[in-house]
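Me: Could you walk me closely through one part of this structure? I'd like to see how its pieces are arranged.

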Amino acid sequence: MADEALFQFLHSEIIQYVNSAESGESENGRCVSKLESMGFRVGQGLTERFTKDTPRFKDELDVMKFICKDFWTSVFKKQIDNLRTNHQGIYVLQDNKFHQLTQLSAGKQYLEHAPKFLAFTCGLVRGALSNLGVKSIVTAEVSVMPACKFQVMIQKM
Amino acid sequence: TKRYSSESRENNSELFTLTYGALVTQLCKDYENDEEVNKQLDKMGYNIGVRLIEDFLARSSVGRCHDFRETADVIAKVAFKMYLGVTPSVTNWSPAGDEFSLILESNPLVDFVELPDNHSNLVYSSLLCGVLRGALEMVQMAVDVRFAQDTLRGDSVTEIRMKFIKRIEENLPAGDE
């Protein structure tokens, strides 16, 4: 068992590293996509291990519920607070107290830095879904920290 | 107020291990040779270590260590246990008592890892050396840390060699004595 402080520190060190390697305004997007792709790999690995002994999922909604409950609890030790969908492939996962942001701010301070702290997790979700056969685009949105909304757009195959 | 109970701080270790793996993979893409990757991992570890020591001192009731033997004990029995859930053994003391080895039966960082052949100089867990160096520097100890053996590279155990260099004097601003 690893202590959560380790992941917390490693995560911020990774952000720091990727950010310094890609400096400049125009490189901001590349920085975020690098973090996202690292998260993707980790998400793939995690679901592979988490779902070893679980029965097959019934449908897309079942997969999303797994992400909101089991996956989120294993990674962030709480469930997603609210899951909404338009039943046309768009899901919004809301976490009112997102783990990666709680240490950062409880308001609008440092809001411009929030995307960096969410990119890895967006990848995590996309990777997890991808390993369960759901292709998606995952983005995140913050208006007041530490609350955060992840939007999952399912790509029809 | 206590924010976390000790159990709830235990994280999914797979998350940490896999995230570390993704980082090493990324660094291997970013840098041309393994030495550069080792250096970068060590540097990142150092940055983590200087922050981790605060967390450690705040959460453990460990006070100042009076000698290097005591330091070794705290690292192996308290710190490794708290953060990685393993307790390395402390062996191979130098006669002067300024050098020892941490022997790791298992290294959580290398779960699910196999080194590809073309990375023979990669010291996969270099981050750990940096963490130890950075943390000890914050308690006024300059220490040299390196991997002497590594199961990933075919050795039978993983051995981290620690050598005490010097005690770091408190830096007073010039003229302020």
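Reply: Happy to! Let's take the open sheet of chain B, whose 4 strands come in the order 2-3-5-4 with antiparallel pairing. Here strands are DSSP runs of E, at least two residues long, and helices runs of H or I, at least four, numbered from the N terminus; a pair needs at least two DSSP bridges. This is a predicted model, where local features need pLDDT of at least 70, side-chain atom pairs need 80 or more, and totals for chains, interfaces and linings use all residues. Residues are numbered from 1 along each chain as written, chains are lettered from A and ligands numbered from 1 in written order, and side-chain values use heavy atoms, without hydrogens or water.

At the edges of the sheet you'll find strand 2 (89–91) and strand 4 (141–149) of chain B, each pairing on one side only. From one strand to the next, the twist averages 30°.

Now look inside the sheet: strand 3 (residues 99–104) and strand 5 (residues 158–167) of chain B run antiparallel and are joined by 6 bridges. To find your place there, look for B:Ile103, which stands opposite B:Glu159 in strand 5 of chain B.

Two helices complete the view. Helix 3 (residues 68–84) of chain B lies across strand 2, strand 3, strand 4 and strand 5, and runs at about 15° to strand 3 of chain B (angles, from 0 to 180 degrees, are between N-to-C directions of axes fitted to C-alpha atoms, for helices over the stretch in contact). Helix 4 (residues 126–137) of chain B also packs on the sheet, touching strand 3, strand 4 and strand 5 (contact: heavy atoms within 4.5 Å). The direction of helix 4 makes about 165° with that of strand 4 of chain B.
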